Amino acid sequence: MNNRIKVLRTELGLTQQEFADRLGIKRGGISNYEIGRNEPSDSVMSLICREFDVNEEWLRTGIGDMFLPADRNINIARLTKQLLSEESDSFKNRLVSMLANLSEEEWELLERKAKELVQDT
């Protein structure tokens with residue numbers, strides 16, 4: 001399991017500190033998991049799986065895919081969580097705020113423009 005935690009962290013492009021911060025635990029704990037000194041508790045395993053959409057069976061046994069299949073609602077929830085942690089004047093926050101105030105006609109126009117952009121690429 002120690003190797004899988006390190007593989008996951010590097011796949012996510014996170015340092016041990018960044019990985020630990022996302023989980024709300026100490027960097028030393030991550031280091032100890034990765035070198036095999038300690039094994040994560042069930043609650044830490046669940047936290048890793050929930051925070052990073054990791055397949056728990058893969059994390060525990062190495063069987064299956066590393067990540068769970070993407071789910072639209074999970075992606076929306078992740079974006080919402082990310083927006084809440086950013087500055088209120090970030091581009092993402094401003095964009096979502098603008099989208100939240102669109103009329104039905106504006107949504108239809110936006111959909112047409114998005115389809116045009118995809119067709120042009």
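**The nonpolar core and its surroundings**

A: Among contacts in the protein between residues at least 6 apart in sequence, 41% join residues at least 24 apart. The model is a predicted one, and it comprises eight helices and zero strands. Read from the N terminus, the order of elements is α-α-α-α-α-α-α-α.

The overall dimensions come next. The radius of gyration of the protein is 19 Å, whereas a compact globule of 121 residues would have a value near 14 Å. Along the principal axes, the C-alpha atoms occupy a box of roughly 60 × 30 × 25 Å. Of the 121 residues, 25% are buried.

In soluble globular proteins, nonpolar side chains tend to be buried together. Here, the largest nonpolar core has 17 residues, and the members that touch the most others are Leu-8, Phe-19, Ile-48, Phe-52, Val-54 and Leu-59. At least two residues of this core are supplied by each of helix H1 (2-11), helix H2 (16-23), helix H3 (27-35), helix H4 (42-52) and helix H5 (56-61). H4 provides the largest share, namely five residues.

Leu-8 illustrates how these parts of the chain are joined. When neighbours within four places in sequence are set aside, Leu-8 is in contact with Phe-19, Ile-48 and Val-54, and also with Trp-58, Met-66 and Phe-67.

H1 also packs against H3, at an angle of about 125 degrees and with the two axes 6 Å apart. Angles from 65 to 115 degrees count as roughly perpendicular and those over 145 as roughly antiparallel, so H1 is oblique to H3. On the H1 side, the residues that meet H3 are Asn-2, Ile-5, Lys-6 and Arg-9; their counterparts in H3 are Ile-30, Tyr-33, Glu-34 and Ile-35.

Leu-68 is located in the loop between H5 and helix H6 (72-85). The C-alpha atoms of Leu-68 and Asn-55 are 5.2 Å apart in space, although 13 residues separate the two in sequence. Leu-68 counts as partly exposed because its relative accessibility is 43%, and a buried residue would have to be under 20%.

Definitions and conventions:
Residues numbered from 1 in each chain as written. Predicted model: local features only at pLDDT ≥ 70, side-chain atom pairs only at ≥ 80, totals over all residues. Heavy atoms only, no water. Core = buried A, V, L, I, M, F, W, Y, C linked by side-chain atoms within 4.5 Å. Buried < 20%, exposed > 50% of the residue type's maximum accessible area, 1.4 Å probe, protein only. Helix = DSSP H or I, 4+ residues; strand = E, 2+ residues; numbered from the N terminus. Contact = heavy atoms within 4.5 Å. Axes fitted to C-alpha atoms, helices over the stretch in contact; angles between N-to-C directions. Parallel < 35°, antiparallel > 145°, perpendicular 65-115°, else oblique. Rg over C-alpha atoms; globule rule 2.2 N^0.38 Å.
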